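Hi,

Here is the structure I promised to pass on. Have a look at it first, and then read on for what turned up.

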Amino acid sequence: MKKVTVKDLTLEEKVSLLTGKDIWRLHTFSGKLPEVFVADGPHGLRMVSRENAGNWGGEVYKTTAMPNVVNVANTWNPACAYETGKVIADECIEHDADVLLAPGVNIKRSPLCGRNFEYFSEDPYLAGVMGVEYVKGVQDKGVGTSLKHYALNNSENDRSSMTAEADERTMREIYLRPFELILQETKPTTVMCSYNKVNGIHTSENRYLLKDILRDIFGFDGIVISDWGACHNRWKSVKAALDLCMPVKEDADAQVMTALKNGWISEADVDYCVENLLNFIYRIQDMKPLRKLEFTEEQRLEKATAIATESMVLLQNENSALPLKKIPTLLLGRMAEFPAACGGGSSEVSSCHTHPHLKDLLAEKLGVEVTFRSATEPHFNGLTAARECMDLAARFDQVVVVVGEDTSLVCEGMNRTDIKLHPKHLQLIDNVTRVCDNVIVVIEAGSAVDTSEFQDKVNAILYAGYAGDAVNYALSDLLTGAATPSGKLSETFPYEKDDFCPDINFTPCGVDRYVEGIFVGYRGADAMDADVLYPFGHGLSYVNFRYENLQAEKKGETDYVISYDIYNEGDMDAAEVSQVYVGQAAARVARPVKELKAFSKDVIPARGKKHVSVTLDKSAFAYYNVCLKDWHVENGAFTVYVGASSRDIRLKKKLIVALPDETQFT
């Protein structure tokens, strides 16, 4: 097929190409252009058939529900992000989807955001590193991606009308930084604009964001696509360099034609977007030779299980309660039978797999009888039922309680109102701990959860996140010791929902002011010296690790190799995520106490050690200077912190940065 150019299209065709043909497809003009079909992600393919592409709510294909992005981030293993992308791309190939509408790299500004389970982290560096590998995993197999939601989509309430108000430095250092990092390393086929306004202008009409920053500074060369229904005025969004409005919008063509007639936009504005779209359409065709099926359905589930196992976070483990002892065990909680595999909304996967009961998997691995009671069904909340549950629990020396939040509480389009578990779950834990001294709690949730009401009453807490189809397979391996926990939190767990986090559910007149600036997540907690339930980067293992011998080898003015040794003091091989933070001691501008700048996940043999090396460059020391409109390194003393979490620092070292005087400002 001969490649079509802008000159080969009539004005009417060019205008029509700017908006989707239906819900999931671009125009082809009766075969003049190749078809492009897009589909939802990011935890698995969510796609309707071509026959239903014009209908909302059409039945979707059954596919593998992968561990959610929150879990992928909690692995702190870029290879897991890459493998996640590959598996989902495999299913895109199987069902002939051209673009996967993922990944989301928005910052977890508050634990209340209803879509946090779709996002990597509160930290832009971690989100960027993991996002790079996710994009590569999908696109290396010939399927396009959509980096989203650009930008400052950090709340779901009133998302189409609210405005996020943030200063330039805050945007560049925190909220736009993951996009910048990913675009430095990869070439996503699309970037998706968000629903919200930024500083009073919808992102779909915000030329500063879409053209000045995304294209001219970040160097993006794909197409900018609207989130579904985020395009309000088509000619204004053309002026802002939004290439594709999705889905079909009945008045879009007329809006553009009227604007052309009145001189509000020029045909050159239209041609700019059309040329981007044509380049995109043919790039998708050029990628197709890479599309080769790699995994069977069974192998996809195996991949999901391996990633899920790496992703779960052991929050506490008093008295070595885990791994479970090979003794009769009581398992409580409906989610053990019907797990919360995913949050709700456009990313919810229709699974092709059957979830095994956790009871059966535990019984098989422990080789003992496991007794199960749902215990959180509505009919189980009466006084008589509670007494029955307590009487049963009193007969066991080991009780596992599975609790959490399902799609009725965690869903796109709405925020959570609290980070506490449902009262019936809290009551169940309280009842059981009254009669049993050895209680292990498993939490299935998509973001931070307040455990303060029960953490002192139970021995162990395992945060499972939303682990997709593999949830019970991974849980059974970790609970029984067939695998060792190695996940770490990619977000801070606060004591209260607004301890150091903004109340995103209170936005007067629809204005959400980012008054905390760059002090988000652990940056804010450190600045306020606030106590936290579990710090960013926290996660325990079944072994202890010792850190020693921190060295810093200077390779350039702001280039260093940081190295250290980690010793495994346990009797089993285990993986440790070591984290490298950098802070400036006496900066002339407000800076965080420390910021994540490197990390490494390493398997360390039992009673052995691993020599770990990471690199730091200019970005480890720079902040965004609004006056210079650039990243700037201020001379002075910096501290390198190496630790097991942002609050568990094991090693420190001072570095002195002394750049030439002409680069400095006094």
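Helices (H or I, at least four residues) and strands (E, at least two) are DSSP runs, numbered from the N terminus. Please keep in mind that this is a predicted model, where local features need pLDDT of at least 70 and side-chain atom pairs count only at pLDDT 80 or more, while totals for chains, interfaces and linings use all residues. Residues are numbered from 1 along each chain as its sequence is written, and side-chain values use heavy atoms, with hydrogens and water left out.

Let's begin with helix H3, which covers residues 78-95. Its 18 residues reach 26 Å from first C-alpha to last, close to the 26 Å expected at 1.5 Å a residue (1.5 Å times one less than the number of residues). Of those 18 residues, 14 are buried, so H3 is largely enclosed by the rest of the structure; buried means under 20% relative accessible area, with a 1.4 Å probe and protein chains only. At the start of H3, a side-chain oxygen of Asn-77 comes to within 3.0 Å of the backbone nitrogen of Ala-79. After H3 comes Asp-96, with a positive phi near 65°.

Next, the cores. A nonpolar core is a set of buried Ala, Val, Leu, Ile, Met, Phe, Trp, Tyr and Cys residues joined through side-chain atoms within 4.5 Å. The largest one has 181 residues, and Tyr-150, Leu-152, Trp-228, Ile-443 and Leu-479 touch the most other members. Helix H10 (residues 267-287) supplies the largest share of this core, 10 residues. Another core, of 30 residues, lies apart from it and includes Tyr-547 and Val-640.

Leaving aside neighbours within four places in sequence, Ile-443 is in contact (heavy atoms within 4.5 Å) with residues including Val-403, Leu-421, Phe-454 and Tyr-463.

Now for the strands, which pair if DSSP finds at least two bridges between them. An open sheet of 6 strands runs in the order E9-E14-E13-E12-E10-E11, with mixed pairing. Strands E9 (313-317) and E11 (370-373) stand at the edges with a single partner strand each, so one side of each has no neighbour in the sheet. Within it, E10 (residues 329-332) and E12 (residues 399-404) run parallel, joined by 3 bridges, and Leu-330 has Val-399 of E12 as its bridge partner.

Elsewhere, strand E5 (residues 190-193) pairs with E8 in the parallel sense over 4 bridges, with Thr-190 opposite Ile-223. From E8 (residues 223-226), Ile-223 and Ile-225 point one way and Val-224 and Ser-226 the other, and all are buried.

Best wishes

How values were computed
Buried means under 20% relative accessible area, exposed over 50%, partly exposed in between (1.4 Å probe, protein chains only). A polar contact is a pair of N or O atoms within 3.5 Å; within protein, one must be able to donate a hydrogen and the other to accept it, and residues adjacent in sequence count only if both atoms are side-chain atoms.
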